[in-house]
Each structure stands twice: as structure tokens, then as C-alpha cells.
Amino acid sequence: MEIFDYEGGICKPAQELGVFLVPAVNGCSHNKCTFCCFYKHQTFGMIPLNEIEGELIRAKKHGAAVKRAMLVGGDPLALPVKDLMDINDLVRGYFPECGTITMEASVQNLRRKTDEELIILRDAGYNDLYIGIESGMDSVLRHVKKGHTVAQAEEQLLRLNRLGIRHAANLIFGIAGKGMGVENAKRTAEFLNKTKPFAITIMALFLPSFVEMYQEIQRGEFVPADLDEMLLEERTLLDNLKLEGTRYDGSIYEPPVRLSGVLPKDLPRMYKKLGMAMEKYGGEIRDAV
Ligand SMILES: C[S@@+](CC[C@H](N)C(=O)[O-])C[C@H]1O[C@@H](n2cnc3c(N)ncnc32)[C@H](O)[C@@H]1O
Ligand code: SF4
């Protein structure tokens with residue numbers, strides 16, 4: 001079987017199990033976040049339309065039924081609307097049954113699109129944008145070179161809500177560093193309570209040796225949070241979220257602790273699992289909650 005030769009990292013949110021992946025861009029138009037390892041070796045650019053079409057033809061030939069699709073790449077929303085519409089036409093041409101087309105996107109991408117452009121994309125079937133929010137603290141966003149402020153993120157997400165475009169918030173456990181997990185969780189919860197994402201997707205910070213933040217740790221300039229603190233950060237976040245019907249997925253890998261469910265309905269089950277993880281792996285945090 002032929003395989004599409006995609007050279008970047010593929011970041012597919014946990015909530016998008018089973019989504020059909022459409023190669024759309026190589027790399028990320030920002031590519032400066034100090035923690036991110038996905039696209040460091042790549043130059044941002046759209047994958048040629050004929051190659052995207054080749055992948056759609058291949059999938060069609062193998063009998064794929066596409067109910068929902070996701071554009072692959074760091075931030076396909078950085079593409080001009082015309083290119084996004086060309087990709088949209090292709091996907092719907094081969095798979096007329098396709099509903100929503102989702103993608104990763106950044107606050108910076110949103111700031112560069114007008115209401116009119118976002119409405120064109122929404123009406124074409126783009127929705128459920130996964131946005132890299134990472135933290136509700138400006139000091140953290142500055143430190144990791146995220147390229148947006150908390151106020152800018154809030155403005156853009158409220159604009160999406162107004163325009164009827166759903167968004168998910170990507171966050172990172174441990175991003176604020178040692179001793180800052182609880183504060184980060186409280187401030188991030190405040191942000192999420194205002195911006196009301198349809199989903200929250202959180203990964204624990206992982207740092208391969210080639211990323212800038214890893215080097216900061218080596219130089220003693222950043223001290224990462226340990227497992228205890230990340231569990232406490234998650235507990236604090238859940239304690240402070242006041243959202244109805246938001247899908248939540250939080251993953252810590254080492255050891256694996258994954259909580260997922262719908263807020264607030266599934267909170268009791270999630271608290272139980274988190275409590276067991278704290279009991280099993282937590283040291284000093286047992287007394288703190
Ligand atoms: C590949 S990015 C795409 C999102 C979009 N480019 C943005 O940042 O606004 C998807 C998410 O992966 C997560 N991520 C990236 N690097 C990570 C790391 N080293 N550890 C944990 N999560 C990470 C971040 O939450 C990020 O928003
Ligand atoms: S987190 Fe997103 S914006 Fe930052 S470098 Fe990675 S892909 Fe680009």
C-alpha cells in the first residue's frame with residue numbers, strides 16, 4: 001500500500017480519535033515556542049494541492065468513509081483563505097459525506113483573519129479549531145515565546161464564540177515550572193471559564209534534548225515540575241473549572257495517568273482516578289489537597 005510521505009510530527013488531539021487526517025501544511029508558521037518539538041526542522045509551507053489530492057485519491061481507493069477530517073500540520077489556519085477553500089473543495093469533492101473539518105490553529109493565526117474570512121471558513125464547514133493556549137499566565141506565555149498574551153487569546157476566543165466557531169484549548173501540565181503549578185491552574189481555569197472551549201486537551205510537558213526549554217533546564221534556568229506537582233495542578237484545575245458540557249482530556253505519561261470525560265458530569269469518576277494516582281504516586285501532595 002502506498003503511504004503519504006509526510007515529514008513533520010503529527011499532533012492529533014486525543015478527542016479526535018478516528019478523524020481522517022488530510023496533509024495540509026509542513027511545519028508551523030511561528031515555530032518559536034521553546035517547548036515544542038514538532039516542527040523545528042521544517043520550513044512552513046502548504047503541501048502542493050496535487051499531493052493532497054493524491055492522498056485523498058489513495059484513501060478513496062481503499063474505501064475510506066470520511067465523516068470528519070482534520071488538516072495536518074502546526075497551524076494550517078495560517079494559510080490564506082483561498083488555499084483553505086481549495087483544500088476544502090478537494091476534500092468535499094472526494095468525500096461529500098464529510099462533516100466538520102478541524103485543524104490546529106494559533107491565537108496569532110486568528111488575529112490575522114478578519115471576521116469575514118472566518119465566516120467564509122465556518123460556512124464552508126471548518127470548525128472545532130484546536131488552539132494552543134498552554135497557560136492563562138502572561139509570564140509563562142512570555143517565557144515560552146508563545147507569541148500571544150492572555151488578553152489577546154481571550155479577545156480572539158470570544159470572537160470565535162461570537163462567530164459560532166467552536167474551539168478547543170490545548171494546555172500543558174508543568175509548563176509554569178516548579179512551584180507554579182497551582183497558580184497556573186487557577187489562572188488558566190479563570191481564563192477557560194470566560195472563554196468556554198468545547199474541549200480541553202492537556203498533555204504533560206515532554207522535552208526532547210533539541211528543544212530550547214530542555215537547554216534551559218540543563219543551564220539551571222528552568223526547574224521543571226515533578227509528577228506530584230503536575231497531579232496537584234490537574235486537581236486544582238478541575239476544582240476551579242466551571243464549565244458545562246466541555247470535553248476534557250488530560251494526559252500525564254510517566255507513569256500514565258489519563259483522565260477524560262465531560263464536565264461536570266464525569267468529575268466524580270475523574271476525581272476518583274486522580275485520587276488513586278495521587279495516593280499511589282504522590283508524596284507531599286497527599287497532605288495538600
Ligand atoms: C503541535 S501544537 C499545534 C497548535 C498551534 N500551533 C498552537 O500552538 O497554537 C499542539 C499542541 O501540542 C502541545 N505541545 C507542543 N509541544 C509540547 C511539549 N513539548 N509538551 C507538551 N505539549 C506540547 C501544545 O499544547 C500545543 O498547543
Ligand atoms: S506549539 Fe504550536 S505555535 Fe508553538 S511552535 Fe509548536 S506548533 Fe508552532
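Predicted model: local features only at pLDDT ≥ 70, side-chain atom pairs only at ≥ 80, totals over all residues.
Visitor: In which order do the strands of the open sheet run?

Guide: Strands of a sheet pair through backbone hydrogen bonds, either parallel or antiparallel. Strands are DSSP runs of E, at least two residues, and helices are runs of H or I, at least four, numbered from the N terminus. Two strands pair if DSSP finds at least two bridges between them. Here eight strands give the order β1-β4-β5-β6-β7-β8-β9-β10, with mixed pairing. β1 and β10 stand at the edges with a single partner strand each, so one side of each has no neighbour in the sheet.

Visitor: How do β9 and its partners pair?

Guide: β8 (residues 199-204) and β9 run parallel, joined by five bridges. A199 stands opposite R247 in β9. β9 and β10 are antiparallel, over six bridges. There, Y248 faces G261. A hairpin of four residues links β9 to β10.

Visitor: Is β9 (residues 247-252) mostly covered or mostly open?

Guide: Buried means under 20% relative accessible area, exposed over 50%, partly exposed in between (1.4 Å probe, protein chains only). Five of the six residues of β9 are buried.

Visitor: Where does E16 lie, and what does E16 touch?

Guide: Contact means heavy atoms within 4.5 Å. E16 lies in the segment before β1 (20-23). E16 touches R68, M70, T102 and Y130, not counting residues up to four places away in sequence. Its relative accessible area is 2%, so E16 counts as buried.

Visitor: Which residues are closest to ligand 1?

Guide: A residue is near a molecule if one of its heavy atoms lies within 4 Å of it. By that rule 19 residues surround ligand 1, and the closest are F35, G74, E134, K146 and F206.

Visitor: Which backbone atoms lie by the ligand's oxygen atoms?

Guide: A polar contact is a pair of N or O atoms within 3.5 Å. A polar backbone atom of A105 is 3.2 Å from an oxygen atom of ligand 1. For G132, a backbone N or O atom lies 3.0 Å from an oxygen atom of ligand 1.

Conventions:
Residues numbered from 1 in each chain as written. Chains lettered and ligands numbered in written order. Heavy atoms only, no water. Polar contact = N/O pair within 3.5 Å; in protein donor to acceptor, adjacent residues only side chain to side chain.
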